[in-house]
Amino acid sequence: MKAAISALLLAWLTTSALADEHSVGWRSSTLADPHNARPLEMVVWYPSTATTATQLIGDNPVFVGASAMPDAPPAAGKHPLVVLSHGYQGNWRNQVWLASALARKGYIVAAINHPGSTTHDRSPQAAAQLWQRPLDLGRAIDAVVAQPEQFGAVADGRIAAVGHSLGGWTALEIAGARFDPERFEQDCNTHPELASCTVYAKMKPAGSTESKAALGADWRDQRVTAVVTLDLGLSRGLTDRSLAALPVPALVIAAGVPSRELPAELESANLAKRLPAASSRYVEISDASHFTFMSMCKPGAQSVLEAEVPGDGIICRDGENGRARDAIQQQVASLITAFLEQSPGDKKDSLVIRAPTGI
């Protein structure tokens with residue numbers, strides 16, 4: 001019976017993923033910040049009805065890009081919005097695969113580079129302002145909502161935050177979770193091997209009384225109506241009280257490949273146990289690694305990365321004897337789409353999806 005239900009679910013997701021495909025437009029811009037000297041590089045994918053020539057976005061010698069039409073006119077009507085947050089020392093290109101997949105399904109998707117924790121911007125001062133990350137996402141929402149002629153109109157009550165790794169923490173913060181620096185620092189004494197603890201020590205976000213207070217403040221943006229985390233980090237510093245009262249539905253997706261630095265049982269699974277059972281879903285994908293949620297690697301990319309920085313080749317590795325990365329990413333995109341279709345702002349009747357774990 002369980003196998004039959006799983007097969008039915010996957011068939012439904014596959015059918016849903018293939019329906020109502022849109023052409024994809026793409027624009028890039030810089031969001032100025034005269035007050036805090038924190039300009040943001042923002043890129044937006046959006047549904048379009050144009051038929052102009054496409055370009056590969058986010059393509060480089062290591063990673064595979066995705067096709068879109070630069071500066072194409074947006075499709076008419078209102079569309080749900082997703083804001084994407086990358087991981088530590090990542091960038092907006094890391095989730096091109098997801099942004100493109102969601103835009104083809106009718107979503108507007110905005111991604112930004114977080115100053116200080118981005119591939120080409122590792123300013124210690126900006127990185128230490130960790131609480132600015134959820135504010136960055138809020139600024140992206142402001143920019144997209146204010147420019148319907150550029151990206152399309154945003155549907156009422158249909159704004160989701162999605163994040164990978166440190167971006168997952170960022171998404172939870174803008175959704176209403178609260179961080180306790182003292183709790184996290186004490187936990188790192190017990191689990192010093194966790195990558196979250198290593199990254200936190202590098203950023204030094206709680207170096208003063210003021211920064212500690214800012215880090216523990218409430219950064220919820222009430223426009224956000226759903227949240228998705230992809231193998232997140234720093235979750236052990238989020239308070240039980242704020243997670244138990246999280247005001248929006250949450251989908252927690254974890255990498256199931258064993259990892260000493262980011263084990264699912266201490267990060268994503270632990271987080272899921274502390275979220276409201278009625279409005280949260282947990283999916284652990286057994287053949288996904290932490291880096292499976294980043295763009296597809298090109299042939300030979302692992303050697304290129306190793307030559308540049310020994311050890312970085314791990315970015316191109318997934319679970320041994322598992323599926324190819326693109327197959328796993330198709331599953332993840334389908335899970336996210338099915339989850340977001342149940343957003344409180346969706347007026348259609350919806351099917352409650354309880355995805356099988358460890359697929």
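A residue counts as buried when its relative accessible area is under 20%, and as exposed when that area is over 50%; anything in between is partly exposed. Keep that in mind as you move through this predicted model.

**Stop 1: the whole chain**

Show the whole protein chain as a cartoon. The chain has 13 helices and 10 strands. Of its 359 residues, 56% count as buried.

**Stop 2: helix α2**

Select residues 96-104, which form helix α2. Which residues of α2 are buried? They are Val-96, Trp-97, Leu-98, Ala-99, Ser-100, Ala-101, Leu-102 and Ala-103. That is eight of the nine residues, and α2 is mostly covered. Step on to Gly-106, just after the helix. Gly-106 takes a positive phi of about 105°.

**Stop 3: α2 against α13**

Two packed helices are described by the angle between their axes and the distance between the axes. For α2 and α13, the angle is about 50° and the axes are 10 Å apart. That angle makes α2 oblique to α13. The crossing of the two helices is right-handed.

Next, show the side chains at the contact. From α2, pick Trp-97, Leu-98, Ala-101 and Leu-102. From α13, pick Gln-329, Val-332, Ala-333, Ile-336 and Thr-337. Sort this contact by residue type: seven are nonpolar, two are polar and none is charged. An α-helix has 3.6 residues a turn, so residues three or four places apart point the same way.

**Stop 4: helix α6**

Select residues 166-175 for helix α6. How many residues of α6 are buried? The count is 10 of the 10, so α6 is largely enclosed by the rest of the structure. Click through the buried residues in order: Leu-166, Gly-167, Gly-168, Trp-169, Thr-170, Ala-171, Leu-172, Glu-173, Ile-174 and Ala-175. Just after α6 comes Gly-176, with a positive phi of about 125°.

**Stop 5: α6 against α4**

Are they roughly parallel or roughly perpendicular? Angles from 65 to 115 degrees count as roughly perpendicular, and α4 and α6 are therefore roughly perpendicular to each other. Their crossing is right-handed.

Show the side chains here too. On the α4 side, the contact is made by Arg-133, Pro-134, Leu-137, Gly-138 and Ile-141. On the α6 side, select Leu-166, Gly-167, Trp-169, Thr-170, Ala-171, Glu-173 and Ile-174. In this contact seven residues are nonpolar, three are polar and two are charged.

**Stop 6: salt bridges**

Now switch to the charged side chains. The structure holds 14 salt bridges.

- Select Asp-240 and Arg-183. Their side chains meet in a salt bridge, at 3.4 Å from N to O. Asp-240 is in helix α10 (residues 240-244) and Arg-183 is in helix α7 (residues 181-190), so look for distant parts of the chain, 57 residues apart. At 40% relative accessibility, Asp-240 is partly exposed. Arg-183, at 29%, is also partly exposed.
- Select Asp-187 and Arg-236. This salt bridge spans 2.7 Å, N to O. Asp-187 lies in helix α7 and Arg-236 in the loop between β8 and α10, so the pair ties together parts 49 residues apart in sequence. Asp-187 is buried, at 16% relative accessibility. Arg-236 is buried as well, at 12%.
- Select Asp-287 and Arg-323. Their closest N and O atoms are 2.9 Å apart. Arg-323 is partly exposed, with 29%.

**Last stop: a network**

Finish with Asp-142, Asp-221 and Arg-223. These residues are linked in a network of salt bridges.

Terms used
Residues are numbered from 1 along each chain as its sequence is written. This is a predicted model: local features need pLDDT of at least 70, side-chain atom pairs count only at pLDDT 80 or more; totals for chains, interfaces and linings use all residues. Side-chain values use heavy atoms; hydrogens and water are left out. A salt bridge is a side-chain nitrogen of Lys or Arg within 4 Å of a carboxyl oxygen of Asp or Glu. Helices (H or I, at least four residues) and strands (E, at least two) are DSSP runs, numbered from the N terminus. Buried means under 20% relative accessible area, exposed over 50%, partly exposed in between (1.4 Å probe, protein chains only). Axes are lines fitted to C-alpha atoms, for helices over the stretch in contact, and angles run from 0 to 180 degrees between N-to-C directions. Angles under 35 degrees count as roughly parallel, over 145 as roughly antiparallel, 65 to 115 as roughly perpendicular and the rest as oblique. A crossing is left-handed if the near helix is turned anticlockwise from the far one by less than a right angle, and right-handed if clockwise. Contact means heavy atoms within 4.5 Å. Ala, Val, Leu, Ile, Met, Phe, Trp, Tyr, Cys and Pro count as nonpolar, Asp, Glu, Lys and Arg as charged, and the others, Gly among them, as polar.
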